[in-house]
Amino acid sequence: MQGKKIFKLLLFLLLITPSLTIASEEVAKEENSVKSEIKQDIMHHLQDAYDFHLFTDKTTNTHYGFPLPIILWDNGLHVFMSSKFHHGEAVAESKGNYYKIYHNKIYKTDAEGTLSMDENHHVTNAKPLDFSITKSVFSVMLISLLIFLLFRGFAKSYKKSHIPNAVGKFMEPLVLFVRDEIAIPNIGEKHYKKYMSYLLTVFFFIWFINLTGLTPLGINVTGNIAVTFCLALITFLITQFTSKKDYWKHIFWMPGVPVPMKFVLAPIELLGVFIKPFALMIRLYANISAGHIVLMSLVGLLFVFQNWFARGAFLGLTLFLSIIELLVAFLQAYIFTMLTALYFGGAVAEHDDHH
Amino acid sequence: MEKLINEFSVGLFFWQTLLFLVLLFLLKKYAWKPILNAVNEREKSIEDALNKAEEAKKEMAELKSANEDLLKEARVERDEILKEARTLKDKIIAEAKTKANEDAERIVASARESIQHEKMAAVTELKNQVAVLSIEIAEKILKQELSSEAKQSSMISSVVNEIQLN
């Protein structure tokens with residue numbers, strides 16, 4: 001829903017940017033280089049990285065940030081720091097094997113770092129199993145730790161009095177919101193308790209991760225398909241493994257419809273079982289990615305335009321969209337949790353066959 | 001779709017799953033359970049307190065209405081007692097009056113009867129007295145009349161005369 005709006009806005013921006021930029025032929029070349037640089041930056045930001053890159057000073061070509069550990073499984077464990085790659089420019093050596101980063105993926109190469117390509121420009125070099133602590137993994141670790149410490153303190157504060165500490169005062173209504181507005185209405189009084197831990201964790205995890213994505217650190221965790229896939233997969237597995245007999249009955253042998261319809265409905269329902277978590281995965285991924293693209297594009301436009309009036313206008317727009325993104329960060333966490341609860345509710349629902 | 005699959009990183013998926021499950025487990029044990037328990041407990045205690053207050057209120061109202069009822073009853077009883085007393089009083093007075101009247105009548109009647117008796121006795125005695133006195137007087141007169149021979153002869157002669165006349 002929100003994603004659609006943002007895509008529309010993005011489309012609008014894509015439509016108006018060319019008409020604005022062809023105004024001056026002279027600066028076109030320079031602009032093009034700026035624009036391609038912005039595009040590269042955005043693409044780079046959206047992808048995971050092997051080092052925690054904060055910013056680059058283009059004049060001296062120095063990168064500010066810190067390297068992260070690379071963990072590879074290639075007939076033995078290879079652990080080394082990503083600084084060995086020199087930001088993808090060098091070939092890293094570990095225990096006699098050579099590795100090179102190409103398009104954000106690690107390939108096994110020879111000492112010179114030659115990559116062989118097929119006719120579709122796909123690298124044919126072998127890929128080692130990559131368990132590196134990438135930027136996203138590092139962020140997830142940090143944020144998980146932060147969430148744990150925050151909520152641990154919050155939980156502990158109940159021991160002293162009925163009224164929680166400062167964090168708790170802010171978080172408690174949200175915990176109650178998840179319980180009273182998400183869990184109980186969708187799952188029901190009877191079964192909601194066993195799902196509360198997962199719902200709360202997924203809600204606060206997504207929300208916190210989304211929020212850190214809006215900081216200047218440039219973290220984009222929920223914009224990684226692997227992350228949203230993991231969350232959707234857990235939802236899917238919990239749904240299937242806690243489901244009651246009625247759930248399967250409604251999938252394979254829908255009660256209350258004529259027999260031929262039952263045969264038609266069964267594959268549709270079965271497909272729905274997989275589509276639901278798939279939609280969860282795509283929704284979160286697309287919304288957060290789109291939000292990041294829009295915000296970064298707008299920030300980039302500040303550098304494309306030389307006109308102060310346009311810059312002021314885009315600054316305002318950027319600010320406005322940043323605030324919208326704060327809302328989206330919450331909204332996506334809410335939607336993910338809500339739909340998860342809805343699927344759980346479907347799995348444990350006790351129908352009295354009123355169809 | 002191909003781009004998405006291409007973008008999918010097994011390593012990130014592995015770490016995300018591991019970290020998320022660890023986070024889920026830790027939060028469940030150290031955060032969600034104590035938080036939800038504390039919140040539930042607090043909600044329960046608030047509900048209990050509210051219920052108790054409501055109950056106390058109800059009890060108070062009941063007590064008040066009971067008191068009022070009691071008062072009302074007492075008032076009614078008092079009125080009844082008063083009314084009863086009044087009727088009793090009237091009854092007693094009336095009874096006493098009728099009894100007094102009856103008594104008086106009976107006394108008067110018996111008095112009248114005894115007076116009659118006395119009167120009759122007195123009349124009878126008087127009659128007897130008069131009879132005795134008359135006999136005594138007659139005796140004395142006879143004694144006096146027939147005290148001398150002459151008087152007796154004249155008497156006899158007069159009686160004989162009278163008889164001859166007849």
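In helix 4 of chain A, Val178(A), Ile182(A), Ala183(A), Asn186(A) and Ile187(A) meet Thr337(A), Met338(A), Ala341(A), Leu342(A), Phe344(A), Gly345(A) and Val348(A) of helix 9 of chain A, where two residues are in contact if their C-beta atoms, placed from the backbone, lie within 7 Å. Helices here are DSSP runs of H or I with at least four residues, strands are runs of E with at least two, and both are numbered from the N terminus. The residues of this contact comprise nine nonpolar, three polar and no charged; Ala, Val, Leu, Ile, Met, Phe, Trp, Tyr, Cys and Pro count as nonpolar, Asp, Glu, Lys and Arg as charged, and the others, Gly among them, as polar.

The model is predicted: local features need pLDDT of at least 70 and side-chain atom pairs count only at pLDDT 80 or more, whereas totals for chains, interfaces and linings use all residues. Residues are numbered from 1 along each chain as its sequence is written, while chains are lettered from A and ligands numbered from 1 in the order in which they are written.

The axes of helix 4 (residues 166–187) and helix 9 (residues 308–348) of chain A come within 7 Å and cross at roughly 30°, the axes being lines fitted to C-alpha atoms, for helices over the stretch in contact, with angles running from 0 to 180 degrees between N-to-C directions. Helix 4 of chain A is therefore roughly parallel to helix 9 of chain A, since angles under 35 degrees count as roughly parallel, over 145 as roughly antiparallel, 65 to 115 as roughly perpendicular and the rest as oblique.

Chain A contains nine helices and eight strands, and 32% of its 355 residues are buried, a residue being buried if 20 or more other C-beta atoms lie within 10 Å of its own, exposed if 12 or fewer, and partly exposed in between. Helix 6 of chain A has 17 residues and reaches 24 Å from its first C-alpha to its last, close to the 24 Å expected at 1.5 Å a residue, where the expected span is 1.5 Å times one less than the number of residues. Because 12 of its 17 residues are buried, helix 6 of chain A is largely enclosed by the rest of the structure. Its cover includes helix 3, helix 5, helix 8 (259–304) and helix 9 of chain A, together with helix 1 (2–7) and helix 2 of chain B. Helix 5 of chain A, with 14 of its 17 residues buried, is likewise largely enclosed by the rest of the structure.

Gly223(A) lies in the loop between helix 5 (196–212) and helix 6 (225–241) of chain A and is buried, with 27 other C-beta atoms within 10 Å. Leaving aside neighbours within four places in sequence, Gly223(A) is in contact with Leu46(A), Tyr285(A), Ile288(A), Ser289(A) and His292(A).

Between the chains, helix 6 of chain A packs against helix 2 (residues 10–145) of chain B at an angle of about 45°, with the axes 8 Å apart, which means that helix 6 of chain A is oblique to helix 2 of chain B. Ala226(A), Val227(A), Phe229(A) and Cys230(A) of helix 6 of chain A make this contact with Leu12(B), Phe13(B), Gln16(B), Thr17(B) and Phe20(B) of helix 2 of chain B. The residues of this contact divide into seven nonpolar, two polar and no charged.
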